Amino acid sequence: GRAQNRRVEVEVWYDEVVDKVALEEFLVPHEIKRVKVCRMETVCKLRYVDGHARRARVQNLIAPLRYGADAIEVDDTFVAQVQRALANLGDKDNVVVKFVGYTDDAPLTGRTARIYGDHVGLSKARARRVALAVQDTLALPTAAIMSDGVGAIRPLGSNQTLQGRALNRRVEVEFWYDDPLQELPDEPQLCPESAGAATVTKVYDPPWGAIAHIDFKDGEPVVPAGYRATLERALADVAGKGNPRLRFVGYTRNERLNRRTAAVYGDDIGLSASRARRAMEAITADMDITGDEREFEGRGYVHADDVVNAGFVQGDTSHVAVQVVYDDLAILDDYEGVDITRVTRELRPENPLGLNLMRITVDGEPIDDPKRSSSDIQRCTDVAMKHADIQFGFDNLRSAPRLSVAATPSRIALSEIMHYGPDLSPANVYVDRQAAPVRFMMYTNYAHFIDKAEIRVFETGQSLESEPLAVVP
């Protein structure tokens with residue numbers, strides 16, 4: 001081996017003339033108005049805040065809990081499935097079970113409409129009731145249970161059928177836990193808002209002070225002085241967030257309902273939801289707030305000011321808590337405790353000449369130059385040309401489509417020849433009709449879009465939708 005490695009190799013080199021595209025600069029003496037095309041993109045650098053870890057979410061681990069149109073029942077099988085899933089996640093940290101309620105889109109009627117108002121309020125109540133039942137049966141820590149409701153969105157079946165509505169009335173189960181093994185990339189990446197993720201609701205905590213609760217007296221809300229101005233100030237603080245709105249959350253004290261109250265409201269969740277709705281209507285009556293800018297729900301006798309840190313606490317007071325909430329992207333919620341730094345940088349096209357070429361994209365994705373610069377360049381070019389009052393169009397199909405069919409001759413004469421048999425009897429006589437051939441000619445300027453052409457022959461006056469006498473390719 002050493003003898004083979006001790007060697008001198010010979011290489012033969014020669015010059016070869018090849019064609020190569022070179023970039024040359026030309027001096028144009030005329031004055032040209034230049035329009036700068038935007039070539040900027042925004043990316044994000046993600047890093048964990050000290051002491052935080054990524055929250056992972058597991059869905060569809062167990063089948064959703066179905067419920068009827070009037071009530072929900074948490075059976076032992078469902079609780080056992082939740083318990084088994086929690087046992088499988090026993091090696092995870094900070095495991096939280098979240099119940100998300102869904103409804104069908106059937107209009108609410110009677111007591112259900114009077115208490116919950118809409119499908120979102122009903123779904124929150126259903127999920128809340130399931131969460132409390134599971135927590136009580138499994139004796140789970142109060143911080144390990146969460147609930148939410150989203151109404152009639154994301155149907156699994158058609159709401160036009162009984163089977164479809166039964167599928168849509170459900171409570172899904174999600175499991176959240178810390179995932180310390182998940183690492184964030186060092187390189188900048190697409191920002192979370194570019195991922196098209198679902199949104200979650202976050203509660204705004206005003207730095208200038210908490211929003212006071214609303215107490216009830218003789219069944220009516222008692223609104224403190226200057227309360228509406230406080231809510232308007234809090235809404236102004238989150239004006240730049242997604243879908244800012246007021247949320248009214250009703251609570252009751254932990255006591256047994258009398259027979260009359262139970263007959264009207266059903267349970268503590270129905271009573272607290274009804275009070276939250278009345279408080280919402282009383283406060284927002286003279287405020288410039290639409291239906292989408294307010295919501296309500298009832299949480300019964302389990303008070304939850306801070307579910308994550310304090311958990312669910314049974315309270316001794318009845319009141320309505322008012323929160324200012326807004327929507328944020330779920331991916332940001334997944335990355336709770338992550339510091340997101342947005343960086344704006346200039347795009348570097350792979351082909352310097354490709355920036356000024358006409359490009360073809362489908363849904364924003366280039367199909368003719370996948371390795372060229374970002375597809376946003378085309379959009380930026382269109383905007384820049386519009387600002388410069390320049391119109392550019394290309395359409396090789398702009399000519400009017402033409403189709404012409406002609407027949408020669410346009411009219412034919414039939415000649416009949418009688419043929420007789422040997423005995424000249426009428427039974428042996430037949431008629432032979434003859435005519436000159438007819439030639440059809442077609443002209444079109446879009447022949448490549450025509451798969452086939454044929455001639456259909458009909459009797460005079462016969463419907464063109466009926467069976468033709470003959471079909472000639």
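This is a predicted model: local features need pLDDT of at least 70, side-chain atom pairs count only at pLDDT 80 or more; totals for chains, interfaces and linings use all residues.
Local features are reported at pLDDT of at least 70 and side-chain atom pairs at pLDDT 80 or more, whereas totals for chains, interfaces and linings use all residues. Residues are numbered from 1 along each chain as its sequence is written, and side-chain values use heavy atoms, with hydrogens and water left out.

The structure holds 17 salt bridges, a salt bridge being a side-chain nitrogen of Lys or Arg within 4 Å of a carboxyl oxygen of Asp or Glu. One of them joins D267 to R129, with the closest N and O atoms 3.3 Å apart. D267 lies in the loop between α7 (259–265) and α8 (268–283), and R129 belongs to helix α4 (residues 119–138), so this pair ties together parts that are 138 residues apart in sequence. Helices (H or I, at least four residues) and strands (E, at least two) are DSSP runs, numbered from the N terminus. D267 is partly exposed at a relative accessible area of 26%, and R129 is partly exposed at 23%. Here buried means under 20% relative accessible area, exposed over 50%, and partly exposed in between (1.4 Å probe, protein chains only).

Within helix α8, R277 and E281 stand four residues apart, about one turn of the helix. Their side chains form a salt bridge of 3.3 Å, N to O. R277 is partly exposed, with a relative accessible area of 24%, and E281 is also partly exposed, with 37%.

Because R433 lies in strand β21 (residues 430–434) and E416 in strand β20 (residues 415–419), the pair ties together parts that are 17 residues apart in sequence. Both R433 and E416 are exposed. Elsewhere, salt bridges link K124, R245, R247, E295, E297, R299 and D327 in a network.

R169 is buried, with a relative accessible area of 15%. Its side chain makes a polar contact of 2.7 Å with the side chain of D104 and reaches the backbone oxygen of Y67 at 3.2 Å. A polar contact is a pair of N or O atoms within 3.5 Å; within protein, one must be able to donate a hydrogen and the other to accept it, and residues adjacent in sequence count only if both atoms are side-chain atoms. Not counting residues up to four places away in sequence, R169 touches L65, R66, Y67, G68, A69, Y102, T103 and D104, where contact means heavy atoms within 4.5 Å.
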